[in-house]
Every structure is written in C-alpha cells, then in structure tokens.
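Hi there,

Here is the structure I promised to send over. Could you have a look at it alongside my notes below?

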Amino acid sequence: MTDPPVWLNGTLLPQSAARLDPLAQGVLYGLGVYDALFLHRGVPIAIEQHASRLIDGADRLGLRCPDISTLTEAIVVVSKAYPLTEARIRITLTAGAWQGPVPPPHASQACLITAQPITPAKPQAAILTSQWRRNERGPLAGIKFTACAENILAQRAALAAGADEALFLNTQDRLCEGAFSNIFHVRNGTVLTPPLSAGCLPGVTREIILSLCRENNIPAREEELFPYFVPDEVFLTSSIRGIQPVSRWDDHSFPAPGEITARLMVHYAAWLEKA
C-alpha cells in the first residue's frame with residue numbers, strides 16, 4: 001500500500017499527510033515511548049496490556065498519554081482502515097516542541113499510530129551476546145523508549161556475525177534481554193526468565209508465556225541467569241515473533257525447538273486463536 005492510513009493526535013489521515021514538528025523534543029532528543037502489537041486476522045492482540053505498558057512508560061518520562069480507552073479505540077480504527085489482516089501496529093508517543101532542551105513534565109506531545117506488514121519470524125534463531133551492557137539501574141530500565149540507537153548498533157553487530165538477535169547482559173553480568181525480545185531458558189524441565197530487576201522490558205508476550213506455564217503445569221519462574229549457565233533449551237519471545245526457538249547462542253547449540261519449547265508453542269498458538 002503506497003499511502004497507508006495513520007492515526008495522528010485523534011485524526012485518521014494518509015501517511016503522506018502526517019506531519020511532526022521538526023523542533024519536537026521527541027525528534028531532537030529521542031524523548032518518547034512506543035509500543036508494538038500484533039494484528040492477527042484483523043484483531044489487535046493483547047491491546048489493553050500494550051496500551052497500559054505505554055501509559056506506564058509515558059508517565060515515567062513525564063509525557064501525557066491518551067487513556068486506555070482512547071488508545072484502544074484508535075488502534076481499532078487503524079486496524080479496520082488497514083487493508084492487511086496480519087500486521088505490526090506501532091503506537092509512538094513523543095514530546096512536542098519546547099524552548100530549551102528540558103521540557104517540564106506533561107508538556108505538549110504527539111501520538112502516532114501506524115500499521116506495517118510483517119515478515120514471519122524465522123523458525124529458529126541464532127543469538128550473539130553483545131559487547132555492550134544494559135544499565136538495570138538507569139532511569140530508562142524497563143521502558144520501551146524511542147531512542148533505540150543502542151539496540152540498533154548491537155543488532156547490526158549480531159547480523160554482521162551471522163546471528164539473528166543480540167543478547168544484552170546487564171552491568172552485573174546477568175542475562176537481561178534481547179535487542180528486540182525477551183529471553184527464556186529451560187533447565188531440567190523448568191522455564192526460567194530474568195526478573196524485571198535485571199533491567200529487561202516487561203514484555204507482554206513474556207507475561208503470557210509465564211501465565212501459560214502456570215495454566216499447563218509447566219514449572220516456571222523468574223531467576224537471575226548467568227551466561228556461563230548453559231541451559232537445555234533457549235527461546236525468545238516478542239509480540240511479533242511469538243515464541244522463537246534458539247538453535248545457537250554464541251558457541252553453544254540447542255535443539256530448536258526443544259521439548260518444553262515445542263509444548264509452549266502449541267499452547268501459545270491455541271491462546272492466539274482464542275485472543
């Protein structure tokens with residue numbers, strides 16, 4: 001579609017007509033948050049969870065965000081206007097123009113919602129531990145913020161090395177998250193993922209997987225994970241990729257999918273069809 005519809009500050013309009021202020025703090029300084037959700041068979045998946053996470057992140061950055069009702073209605077409007085039934089819907093909230101580099105909390109901002117076609121995730125992924133670290137004590141820890149240069153640089157390095165995703169450790173050398181995903185280990189039949197205190201994003205799909213483990217009697221817990229603990233299975237999660245088995249992590253190889261990962265993939269597919 002050459003000129004897809006977008007939602008900008010309450011108005012649905014062609015993408016070519018959407019305009020952001022070039023002096024906006026979100027443009028000049030990356031002061032903004034975003035969220036991305038999966039449009040599946042024309043239905044936005046886990047819409048309220050994504051809207052809630054966006055609002056929480058906006059509040060931490062001092063941005064005034066539309067309420068959940070407004071966001072969900074806007075996402076539905078974009079979903080219905082978009083001609084594809086499988087897509088990535090992104091909500092972006094950025095700080096508006098301000099005289100000076102430090103706007104006060106709740107200054108002007110812009111809210112943009114877009115939809116893009118998606119490419120299905122590879123059936124398995126190779127991951128590479130990044131040379132850089134996540135700061136689990138920083139003010140942006142756990143926020144899906146728009147200043148993604150760090151993620152992009154790590155991802156470029158991973159792709160150049162033949163991997164599909166970069167994996168961040170935190171400043172304590174514990175596992176944190178992928179550049180654009182959450183990570184899970186399976187060890188001795190138990191599903192493990194880093195706690196939010198490790199600095200990782202509170203992934204919506206991450207929470208769904210933990211819930212599915214509880215519902216299906218699969219042992220699971222949050223636990224600090226170290227890179228020198230080699231698990232039996234590894235998988236990544238995100239709203240767009242769902243569950244993606246990992247076949248290689250640095251120099252280690254894994255079944256992809258392993259037994260527990262395969263079970264969870266079945267449960268997640270069933271959950272997705274009911275969502």
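Below is what I found, residue by residue.

First, some ground rules: this is a predicted model, where local features need pLDDT of at least 70 and side-chain atom pairs count only at pLDDT 80 or more, while totals for chains, interfaces and linings use all residues. Residues are numbered from 1 along each chain as its sequence is written, and side-chain values use heavy atoms, with hydrogens and water left out.

Let me start with Glu233, which sits in strand E13, residues 233–238 (strands, E, are DSSP runs of at least two residues and helices, H or I, of at least four, numbered from the N terminus). Glu233 is buried but has no salt bridge. Here buried means under 20% relative accessible area, exposed means over 50%, and partly exposed is in between, using a 1.4 Å probe and protein chains only. A salt bridge needs a side-chain nitrogen of Lys or Arg within 4 Å of a carboxyl oxygen of Asp or Glu. The nearest side chain of opposite charge, Arg263, is 8.8 Å away (Lys and Arg count as positive, Asp and Glu as negative; His and the chain ends are not counted). What the Glu233 side chain does reach is the backbone nitrogen of Glu259, at 3.2 Å, and that of Ile260, also at 3.2 Å.

Thr237 is in strand E13 too, and it counts as buried because its relative accessibility is 1%. Leaving out residues up to four places away in sequence, Thr237 touches Ser181, Asn182, Phe184, Thr205, Arg206, Ile209, Gly242 and Ile243, where contact means heavy atoms within 4.5 Å. Phe184 is also among the residues that Glu233 touches.

Next, some backbone details. The peptide bond from Ala256 to Pro257 is cis, with omega near 5 degrees. Pro257 belongs to the loop between strand E15 (252–253) and helix H6 (259–274).

Two residues other than glycine have a positive phi. Arg41 has a phi of about 55 degrees and is in the loop between strand E3 (32–40) and strand E4 (43–44). Asn188 has a phi near 55 degrees, in the loop between strand E10 (182–187) and strand E11 (190–193). Arg41 is exposed, because its relative accessible area is 59%, and Asn188 is exposed at 71%.

Best wishes

Key: A polar contact is a pair of N or O atoms within 3.5 Å; within protein, one must be able to donate a hydrogen and the other to accept it, and residues adjacent in sequence count only if both atoms are side-chain atoms.
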